Amino acid sequence: MAETPLSNSTFPRPTFFILTGIPGLGRAQAWLALMFGPMYLLALLGNGALLTVVCMDSSLHQPMFLLLATLAATDLGLATSIAPGLLAVLWLGPRPIPYAACLAQMFFVHALTAVESGVLLAMACDRAVAVGRPLHYPVLVTKARVGYAALALTFKATAIVVPFPLLVARLEYFCAKTIRQAYCAHMAVVELVAGNTRANNLYGLALSLAVSGVDIVGIAGSYGLIAHAVLRLPTREARAKAFGTCTSHICVILAFYVPGLFSYLTHRFGRHTVPKPVHVLLSNIYLLLPPALNPLIYGIRTKQIRDRLLEMCTLRKGQF
């Protein structure tokens with residue numbers, strides 16, 4: 001595709017963009033703050049409580065809980081990267097965002113999403129070792145290896161997402177500066193470009209397949225190993241107990257990938273059949289729902305976490 005020549009409908013790179021929130025809803029979108037506001041508050045309180053419990057209780061300094069703390073920290077970052085701006089747009093209407101801040105938000109949103117997907121894969125591998133080779137688990141899965149895995153996931157996400165803002169920064173001319181979204185998603189910005197965006201489109205598709213696709217295959221393989229190990233156990237009680245250690249992780253996987261799958265499919269294949277407000281609403285739910293649900297899932301279903309939270313609440317009540 002050749003570069004679009006400069007005309008009356010194009011202008012040089014803007015100094016700021018305008019975020020409109022959910023397009024087509026007008027003032028009615030303020031009511032959506034009643035949904036996204038509590039989701040963000042729950043993400044802050046829930047993940048903050050999980051991090052506090054794991055950090056303060058030395059008995060929880062084990063690989064599984066350290067991975068859970070990594071997931072909670074990622075969820076806090078992911079929710080905070082979009083929720084304040086989203087709520088401001090919903091309450092106050094379209095808001096400007098500086099060009100550099102837009103690129104920074106683009107990086108953090110996509111990088112933290114990639115980290116979260118990688119953490120879910122690491123947790124699946126952890127459960128596969130715990131169920132399949134329980135006697136070797138303390139040797140194979142250590143706190144040091146969990147730390148190395150967290151660093152590797154952060155480095156990988158940074159390396160593969162940095163091209164997003166760089167690819168956008170090379171683009172010089174735009175048709176508009178109004179982003180029909182509540183945050184600076186890569187493709188939402190690319191849609192405004194006047195010119196050749198083939199590299200952006202191809203890299204966006206390749207990144208989706210390379211990150212989510214590879215992680216989903218890895219998670220599926222881990223659960224295949226778990227299923228094989230569970231079916232080999234001699235009694236129904238033993239099989240139920242072994243599989244029960246994975247139920248929280250399965251719920252978290254569904255909370256992350258199911259909204260993401262719907263968002264991806266509607267964006268890639270339903271652009272002309274699914275209304276734009278539905279696209280935008282799904283993308284925001286995909287980013288805010290998992291951070292809100294994950295601490296609830298692990299807080300309710302993990303006995304050690306639940307007991308420590310109850311102890312903390314009881315102690316604070318006793319102080320008053």
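Is Arg-145 buried, exposed or partly exposed, and at what relative accessibility? Arg-145 counts as partly exposed, at 48% relative accessibility (buried means under 20% relative accessible area, exposed over 50%, partly exposed in between, with a 1.4 Å probe and protein chains only).

The views show a predicted model, in which local features need pLDDT of at least 70 and side-chain atom pairs count only at pLDDT 80 or more, while totals for chains, interfaces and linings use all residues. Residues are numbered from 1 along each chain as its sequence is written, and side-chain values use heavy atoms, with hydrogens and water left out.

View 1. Helices (H or I, at least four residues) and strands (E, at least two) are DSSP runs, numbered from the N terminus. Leaving aside residues up to four places away in sequence, Arg-145 touches Val-139 and Leu-140 (contact means heavy atoms within 4.5 Å). A polar atom of the Arg-145 side chain lies 2.7 Å from the backbone oxygen of Leu-140.

**View 2. Arg-145 and Glu-191.** These residues are 46 residues apart along the chain, and 41 Å separates their C-alpha atoms.

**View 3. Open sheet of 3 strands in the order β3-β2-β5.** The pairing is mixed; two strands pair if DSSP finds at least two bridges between them. Because β3 (95-98) and β5 (178-179) stand at the edges with a single partner strand each, one side of each has no neighbour in the sheet.

**View 4. Strands β2 (residues 16-19) and β5.** The two strands run parallel and are joined by 2 bridges. Ile-18 has Thr-178 in β5 as its bridge partner.

Methods
Polar contact = N/O pair within 3.5 Å; in protein donor to acceptor, adjacent residues only side chain to side chain.
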